[in-house]
Amino acid sequence: HEVSTCSMGRWKTEGPLGTLLLGTCYVSLAATRVLTTRSLSREKGYAFLPMTVNVQAEFVKLLVCGGLALRLLTKGKESISELTCTCSLQLLKWSLPGFLYFLDNLLMFYVLARLSPAVAILLGNFVIITTAVLFRLVLKRKLTSTQWAALGILFLAIVSLSNQSKLATSQHHGSHSVAHAVDEHALSSSHSTMCWTQENGNSTTEVAVHASTNKQASGLYTQYEGHLFVLVSCCLSSLANIYNEKILKEENGMEESIYIQNSKLYLFGICFSSLSLILFYHNFLFDCGFYYGYSQVTVLLVLVVASLGLTVSLILKYRDNMFHILASQMTTITVITVSWLIHDFEPTLNFFLVAPIVLLAMYLYIVNKTEEEVAVSEQ
């Protein structure tokens, strides 16, 4: 009697204890990622190339899942036929979520370079709206009237809350950052991406790779950039998670090892990240090196991003998107609390009034069953 790989993975995630562990891991890693990324930002940019973080995170995830998949093969708990599909056309279905996750992970750096962690994480709750719309359009799931009302409240609350980012933006630009903008002459030269340092008093400044070239850019422009990036990120994240959950569970997906499934996904993630890095930043890599601007905190960020990706895959396979969204709300509370206690975030009265409305709307949406679930339970 063989024990399936699916059963082997489920014993670790089923039940209240598994749910608690998954939720705790996700909240801890997601909050750490947001706060760490923000701490590394330098005036709309970073001292390192953000795409290098994503490339290494994808490699770490592939090494973990690939190693575990090979371990199953050597123990005879997985057949070699499970890997033959990686050479077939079925492999291509993992390219879409791989590309979407690649864009979303990269976009997060730009969001946190323009908005404070508390504001960014609260505005990120717009993901519940994009997820609900995609549930309706892609999966044909019907929502109750209470859920639609909750989405309406959430949308209005987020629009009102977006004004809080003006404060965060003005504080960010009012501080004396060690990063400086690359001038237009430098961008017009053959080396469009360059690294350079400049003496600032008694200290040496760091480099902002993605610093703005427009020295007259206002805080309001930065605010609108942040809002736009959050909106796009929510759309990408929703579509990626829904499609990934679908292919993780469709047909015989629950019987296939999650390590093999993830290996296919992360293989595409490496391809997209590496190809973009070579095409758009080859000058920077040649002039400065792959690890230019790295620190111990940056290495920690690589490990956190990789661990978060692995945790999300477990949630999507053994739970669902609703659990993921619920865990995201706990992340919101954690990030806001930490930002208030140890960062320079100063919430306004509007923030205190609107933030609970966002969380309440999320609660109303999650606790209400969809019309399909209600019909099934009545039968």
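1. Ground rules: residues are numbered from 1 along each chain as its sequence is written. As this is a predicted model, local features need pLDDT of at least 70 and side-chain atom pairs count only at pLDDT 80 or more, while totals for chains, interfaces and linings use all residues, and side-chain values use heavy atoms, with hydrogens and water left out.

2. Start with α14 (residues 321–342) and α15 (residues 349–367), whose axes come within 10 Å and cross at roughly 165° (axes are lines fitted to C-alpha atoms over the stretch in contact, with angles from 0 to 180 degrees between N-to-C directions; helices are DSSP runs of H or I, at least four residues). That makes α14 roughly antiparallel to α15 (over 145 degrees). Among the α14 residues in the contact (heavy atoms within 4.5 Å) are Met322, Ile333 and Trp340, and α15 brings residues including Phe352 and Leu359.

3. On to α8 (residues 145–161), which packs against α15 at about 160° with the axes 8 Å apart. These two are therefore roughly antiparallel as well. The α8 side includes Leu151, Leu154 and Ala157, and the α15 side includes Phe351, Val358 and Tyr365.

4. Now the core (buried Ala, Val, Leu, Ile, Met, Phe, Trp, Tyr and Cys residues joined through side-chain atoms within 4.5 Å; buried means under 20% relative accessible area, with a 1.4 Å probe and protein chains only). The largest nonpolar core has 52 residues, and Phe48, Ile128, Leu154, Phe351 and Tyr365 touch the most other members. α15 gives the most to this core, with 7 residues. A second, separate core of 26 residues includes Leu248 and Ala327.

Note on methods: Parallel < 35°, antiparallel > 145°, perpendicular 65-115°, else oblique. Buried < 20%, exposed > 50% of the residue type's maximum accessible area, 1.4 Å probe, protein only.
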